[in-house]
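The following exercises are to be worked with the sequence and the structure in view.

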Amino acid sequence: YENSESAAGGPRLATESRCQQRSKWETLRIQRERHHEQLRQQRKDSLCRREQQQIQQLRAASVPKAQPIRHYKPMRIHRSEKPLTVAKSPDFALSKRLRQRSQQSDE
């Protein structure tokens, strides 16, 4: 009884092809990770540059600048046509209450 597999040199296992596929996949994965890391670093650098530019713009905008003197139309002053107020002593309710109390105590 002769085994055809042994005559051909043994069974063909999938481990060799799987190992090759896995190594190709690993190299692709590493390349993708490097590419993503480069993209992240570029984004981080651009964000940092943008923040620095914004800080510079804010600092430039916050520097106080001299404001020009405004020129308005000259104001003409004229006398009022209303009569002056006549001063008069205040009539507090306190004095009325005191008078009422004194009248009640006299009764």
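**Exercise 1.** Determine whether R40 is buried, partly exposed or exposed.

Solution. Step 1: recall the classes, in which buried means under 20% relative accessible area, exposed means over 50%, and partly exposed lies in between (1.4 Å probe, protein chains only). Step 2: R40 has a relative accessible area of 49%, and therefore R40 is partly exposed. Step 3: apply the rule to E37, which is partly exposed because its relative accessible area is 41%.

The model is a predicted one, in which local features need pLDDT of at least 70 and side-chain atom pairs count only at pLDDT 80 or more, while totals for chains, interfaces and linings use all residues. Residues are numbered from 1 along each chain as its sequence is written, and side-chain values use heavy atoms, with hydrogens and water left out.

**Exercise 2.** State what joins the side chains of E37 and R40, and where the two residues lie.

Solution. Step 1: a salt bridge requires a side-chain nitrogen of Lys or Arg within 4 Å of a carboxyl oxygen of Asp or Glu. Step 2: E37 and R40 form such a bridge, with an N to O distance of 2.6 Å. Step 3: both residues belong to helix α2 and are three residues apart, about one turn of the helix; helices here are DSSP runs (H or I, at least four residues), numbered from the N terminus.

**Exercise 3.** Classify R22 and E26 by their relative accessibility.

Solution. Step 1: R22 has 40% relative accessibility and so counts as partly exposed. Step 2: E26 has a relative accessible area of 21%, and therefore E26 is also partly exposed.

**Exercise 4.** Locate F92 and decide whether it is buried or exposed.

Solution. Step 1: F92 is found in the loop between α2 (15–62) and α3 (93–106). Step 2: its relative accessibility is 55%, so F92 counts as exposed.
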